[in-house]
Amino acid sequence: MKQPKRKYKISLSQIVLMLIMFLFTLSIVIPMLNMLARSLSDPKVSGSMMGLEIIPKDLNFINYQVIASNPVIVPSLFNSIFITVVGTALNMLLTITAAYVMTRPKLLGKRVLMVFFIIMMLFDPGLVPEYFVVKDLGLMGSQWAVILSMAVNVYYLVIMMRYFEAVPTSLFEAATIDGAGHIRMLFSVAAPLCKPGIATLTMFYGVIRWNEYLRSGVYISSLSKSPLQVVLRKFVVDGDVTTLIGTQNLLNYNELAQIDYTALQYAVMIVAIIPILLIYPLVLKYYTKDIMAGGVKE
Amino acid sequence: MKAKQPVIINQQPGWRRALHQMWADKVLYLLLLPTLIYFILFRLWPIWNLRMAFYNYRARGPWEWVGLKWFKMIFDSSAFGDILWNTLVISFMKYVLLFPFFVIFALMLNEIRSTRFRKYVQVVSYLPHLLSWVVIAGIWMALLNPSTGAVNQLMGFFGMEPVDFMTDKGAIRWVLFFSEGWRSLGWDSIVYFTAILAISPDLYEAAAIDGANRLQIIKSIILPALVVPMTTMFILNLGFFMSAGFDQVFNFTNPAVNSVIDILDTYIYRLGLENGQYSLSCAVALIKGLVGVVLVLLTHVASKKATGKGVW
């Protein structure tokens with residue numbers, strides 16, 4: 001008889017399986033550690049470092065010093081933080097209020113509104129007609145163009161509605177009897193009960209905001225107002241070094257002539273990844289907790 | 001003139017009752033107002049702006065009506081055919097060819113006995129999905145660099161000549177394929193892994209009593225449980241077929257390979273926001289948008305038929 005909980009032997013198939021999975025994770029871990037290592041190495045030797053090397057050679061923080069004193073990157077970091085914080089707050093405010101309203105059972109016109117939202121979700125007119133809206137609203141060149149044009153995501157609105165639908169109606173009825181209005185009902189009954197949902201959506205919106213580069217690149221022409229991803233794209237994808245360092249600085253500082261620009265690129269990428277890594281434990285906690293719980297299998 | 005209507009006490013006409021109800025719920029409508037304004041400004045207004053596709057856009061003065069001129073131009077040009085072909089090929093690779101690997105990944109994850117190792121795989125494999133495409137493009141450029149990249153370094157161990165994959169027309173679509181897999185293999189397999197975890201332990205016990213081995217369990221218990229999520233995901237993917245993933249191509253492309261990975265969305269972007277051919281760009285966007293809606297509606301109907309669940 002086979003016992004359900006007997007101790008397993010490490011069989012050959014387990015070893016092969018774990019080896020394949022391990023190699024796949026290495027394809028994610030090694031490139032990131034390599035970037036980190038090269039960005040922390042002495043520019044004199046970092047240029048010849050190969051892709052599989054994950055330990056810094058002659059530990060050196062020059063790349064991060066260049067970033068910290070860079071007239072383009074430092075402001076772009078603050079721009080990213082501003083757009084992410086204000087943008088996510090707006091996302092959540094609208095998503096929560098709209099989801100609450102759309103889940104009220106007696107609301108008139110609910111079906112019409114839902115059909116409207118779905119059509120708006122299905123038909124994607126592209127960025128060009130939106131560009132003209134931004135222009136006509138006089139938002140061109142402003143960070144608000146990016147913040148406002150991405151204010152609600154219909155998929156996330158629907159997810160938030162699912163959470164509110166799960167709140168027992170008896171709780172709302174009890175609150176009504178106590179004389180609570182909709183606003184109090186939303187913020188002191190519905191929202192506290194949907195904390196996991198609100199946490200998850202805040203993280204997802206936050207990640208989208210932090211990673212956004214396309215609209216920022218189109219709507220904000222001035223580099224001094226641009227978020228980090230736009231600067232990063234200019235530097236990494238377009239390979240534009242002079243914009244980043246500035247021609248003046250390039251001539252003024254002797255040290256900069258010795259910089260390994262590839263290593264500097266990696267350092268900027270690391271800076272762009274750090275906030276994602278900071279929020280990642282929360283994603284694991286709220287979004288994937290159930291599927292990560294150990295001992296599910298009998 | 002009509003005769004006097006008989007007055008019915010305590011029974012207001014339907015519309016008055018409706019108005020009354022709406023007035024009672026005025027706070028709700030007020031709460032919804034900002035979202036509604038957003039959709040009207042940034043969703044509905046752009047759709048209205050698409051009418052540019054039938055005009056000759058002028059920065060000053062009234063636009064000139066040109067009817068279907070731009071559409072004729074699009075269908076007559078050889079560029080559009082190539083771009084449509086690129087879009088469909090890349091979509092096929094990403095949404096059909098890659099598709100089974102998400103299921104296989106979930107199955108393999110489920111077969112790992114060591115809980116700690118499984119957690120490690122999950123923590124690492126979910127991460128790339130949260131990185132921006134700019135960062136991912138940077139990572140892959142480093143990974144595939146012909147002189148220092150890890151891939152060419154590995155190939156060197158086997159005595160192979162270095163290849164510059166990013167500028168190789170034959171390789172670039174596979175670069176898109178593998179980088180998409182790298183980014184989403186973990187994350188997109190979550191839906192299947194969740195379905196596997198939802199399988200009742202009774203089924204496994206019954207199988208154990210029957211003396212079934214792992215392969216038999218996978219075949220007769222686990223895979224049947226994955227049919228519904230697989231159908232749903234596959235059908236959802238079909239809805240993205242006209243898009244093929246703008247962000248990835250936009251960040252991975254370069255002049256050497258653009259001709260084989262130029263897709264509809266990059267074409268629309270280039271025409272409109274780089275060349276200033278707004279009307280032509282809107283015409284392509286209109287075609288793409290309409291075909292996209294038709295695809296989603298078809299998949300919605302197909303999904304309802306196949307699984308009883310629609311796309312929304």
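The crossing of α1(A) and α16(A) is left-handed, a crossing being called left-handed if the near helix is turned anticlockwise from the far one by less than a right angle, and right-handed if clockwise. This is a predicted model, in which local features need pLDDT of at least 70, side-chain atom pairs count only at pLDDT 80 or more, and totals for chains, interfaces and linings use all residues. Residues are numbered from 1 along each chain as its sequence is written, while chains are lettered from A and ligands numbered from 1 in the order in which they are written.

**Helix pair in chain A**
- α1(A) and helix α16 (residues 261-286) of chain A pack at an angle of about 120 degrees with their axes 8 Å apart, where axes are lines fitted to C-alpha atoms, for helices over the stretch in contact, and angles run from 0 to 180 degrees between N-to-C directions.
- Helices (H or I, at least four residues) and strands (E, at least two) are DSSP runs, numbered from the N terminus.
- In this packing, A:M35, A:L36, A:R38 and A:S39 of α1(A) meet A:A263, A:Y266, A:A267, A:M269 and A:I270 of α16(A), two residues being in contact if their C-beta atoms, placed from the backbone, lie within 7 Å.

**Contact between the chains**
- Chain A contributes 74 residues to the contact and chain B contributes 73 residues.
- On the side of chain A that touches chain B, helix α1 (residues 12-39) of chain A gives the most, with 13 residues.

**Chain B**
- Chain B has 16 helices and two strands, and its C-alpha trace spans about 95 × 65 × 35 Å along its principal axes.
- Among contacts in chain B between residues at least 6 apart in sequence, 66% join residues at least 24 apart.
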